[in-house]
Amino acid sequence: MSDIITRRLVILGKQGAGKGTQCELLVERYGVAHISTGDILRAAAAAGTELGRQAKELMDAGELVGDELILGIVAQRLTEPDTAAGFLLDGFPRTEAQADGLFALLAPHSVERAIDLDVPDEVVTQRMLDRSRADDTPEAIARRLELYEAETAPLRKLFADRGVLVTVDGLGTPAQVHGRIVAAIEEAP
Ligand code: AMP
């Protein structure tokens, strides 16, 4: 039955919480389009486009890219046909302005579930240092955690107010965490 439902999913969580791995598993399971604003920005930076140049400096410093620019990217991406069967937003929204923009874009529909992948700061910091991506300097990691608390954590309330927030323990094997997420998606809210 679940394949006839249009899944409109959001995954929230700090960098290093395991969103990438869980997104892969969810895409496989539900056939939804994976929309990662970080991946889109990194691709633009690698291609050396104007957008990429603007974004790269901010990304390297761990700062957020502007809301208008991000909302433009997401609005465009949501017009692509593969999103009709459902989508999973990863790394977006990150600010209240982005969340408001998303709700406006989706109206009259809503987000079906916002999955808050919960992992302590110490664990995500160690994971990010281990994976050592070019933009994962200790300073940038600390800055991203600070911004997450200030800008993104408050979004939980917006999703909770809409009755779609589920908090999932992000510690454990990928399969364990995936099982918890699937249960949270498929259970009545
Ligand atoms: P991510 O791969 O989601 O961790 O994103 C990597 C970087 O891209 C972030 O540290 C930001 O600089 C930028 N970025 C990605 N998504 C967003 C967003 N929704 N709003 C603002 N900046 C973003």
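Buried means under 20% relative accessible area, exposed over 50%, and partly exposed in between, with a 1.4 Å probe and protein chains only. I keep that at hand for these notes.

**Ground rules.** I am looking at a predicted model, where local features need pLDDT of at least 70, side-chain atom pairs count only at pLDDT 80 or more, and totals for chains, interfaces and linings use all residues. Residues are numbered from 1 along each chain as its sequence is written, and side-chain values use heavy atoms, leaving out hydrogens and water.

**Entry 1: strand β1.** Strands here are DSSP runs of E with at least two residues, and helices are runs of H or I with at least four, numbered from the N terminus. I checked β1 (residues 7–12): 6 of its 6 residues are buried, so the strand is largely enclosed by the rest of the structure. Side chains in a regular strand alternate between the two faces of the sheet. I found Arg7, Leu9 and Ile11 buried on one side, and Arg8, Val10 and Leu12 buried on the other.

**Entry 2: its partners.** Two strands pair if DSSP finds at least two bridges between them. I saw β1 pair in the parallel sense with β3 (residues 86–90) over 5 bridges, where Arg8 has Phe87 as bridge partner.

Entry 3: Which helix gives the largest share of the shell around the ligand? I found helix α2 (residues 37–47), with 4 residues.
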